[in-house]
Amino acid sequence: MDQGWISVSYPYEYDQYVSDPQYGWILDEGVADDKYGILGRYHTRLWQMSNGDVVANAHHDNDSPHQADQYEEAEDLVAGFFDNDLNNWWVLHDHYELDNYIANPLNDEYATCIYKVGS
């Protein structure tokens with residue numbers, strides 16, 4: 001939100017869920033650099049897990065038919081919001097293998113991890 005992004009949850013995005021061992025299925029909270037994305041937009045889905053971690057899916061949506069057309073560029077953009085604040089955040093680019101390769105050239109299957117310093 002500090003970067004000028006806005007909430008885009010329902011009705012401006014499709015609902016997506018992740019499974020949490022304590023909370024069950026958790027609905028995402030979406031943020032984006034444009035509410036409607038008529039000309040495309042950078043979009044991140046966020047889930048607050050029961051252990052306090054936040055899981056995110058950063059991507060770029062194209063204008064039509066409004067589906068994800070970039071993952072790695074969006075991941076780097078979001079990581080960049082934190083990367084220059086070394087006193088508060090620790091960013092490990094492509095640090096964790098998700099083992100979710102699906103022959104999609106838009107996704108390298110590695111997650112960037114962002115940690116609060118001291119956590």
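Student: Of the 119 residues of the protein chain, what percentage count as buried?
Tutor: This is a predicted model. Buried means under 20% relative accessible area. Of the 119 residues, the share that counts as buried is 29%.

Student: In what order do the elements of the protein chain run from the N terminus?
Tutor: The chain has one helix and nine strands. The order from the N terminus on is β-β-β-β-β-β-β-α-β-β.

Student: What is the radius of gyration of the protein chain?
Tutor: The globule rule gives 14 Å for 119 residues. The chain comes close to that, so it is as compact as a globular protein of that length. Its radius of gyration is 14 Å.

Student: Is glutamate 13 buried or exposed?
Tutor: Glutamate 13 lies in the loop between strand E1 (6-7) and strand E2 (17-20). Its relative accessible area is 8%. The cut-off for buried is under 20%, so glutamate 13 is buried.

Student: Which side chain is joined to that of glutamate 13 by a polar contact of 2.6 Å?
Tutor: Glutamate 13 touches several residues beyond four places away in sequence, including Val8, Asp28, His43 and Arg45. Its side chain makes a polar contact with the side chain of arginine 45 at 3.4 Å. The 2.6 Å contact is with histidine 43.

Student: Which residues form a nonpolar patch on the surface with leucine 27?
Tutor: Leucine 27 lies in strand E3 (residues 24-27). At 41% relative accessibility, leucine 27 counts as partly exposed. The patch has about 380 Å² of accessible area together. With Leu27, it is formed by Tyr17 and Trp25.

Conventions: Residues are numbered from 1 along each chain as its sequence is written. This is a predicted model: local features need pLDDT of at least 70, side-chain atom pairs count only at pLDDT 80 or more; totals for chains, interfaces and linings use all residues. Side-chain values use heavy atoms; hydrogens and water are left out. Patches are made of residues with over 30% relative accessible area and no salt bridge: like charges are joined within 9 Å, nonpolar side chains (Val, Leu, Ile, Met, Phe, Trp, Tyr) within 5 Å. Accessible areas come from the Shrake-Rupley method with a 1.4 Å probe; for residues, only the protein chains shown count as cover. A salt bridge is a side-chain nitrogen of Lys or Arg within 4 Å of a carboxyl oxygen of Asp or Glu. Helices (H or I, at least four residues) and strands (E, at least two) are DSSP runs, numbered from the N terminus. Buried means under 20% relative accessible area, exposed over 50%, partly exposed in between (1.4 Å probe, protein chains only). A polar contact is a pair of N or O atoms within 3.5 Å; within protein, one must be able to donate a hydrogen and the other to accept it, and residues adjacent in sequence count only if both atoms are side-chain atoms. Contact means heavy atoms within 4.5 Å. The radius of gyration is taken over C-alpha atoms; the globule rule is 2.2 Å times the number of residues to the power 0.38.
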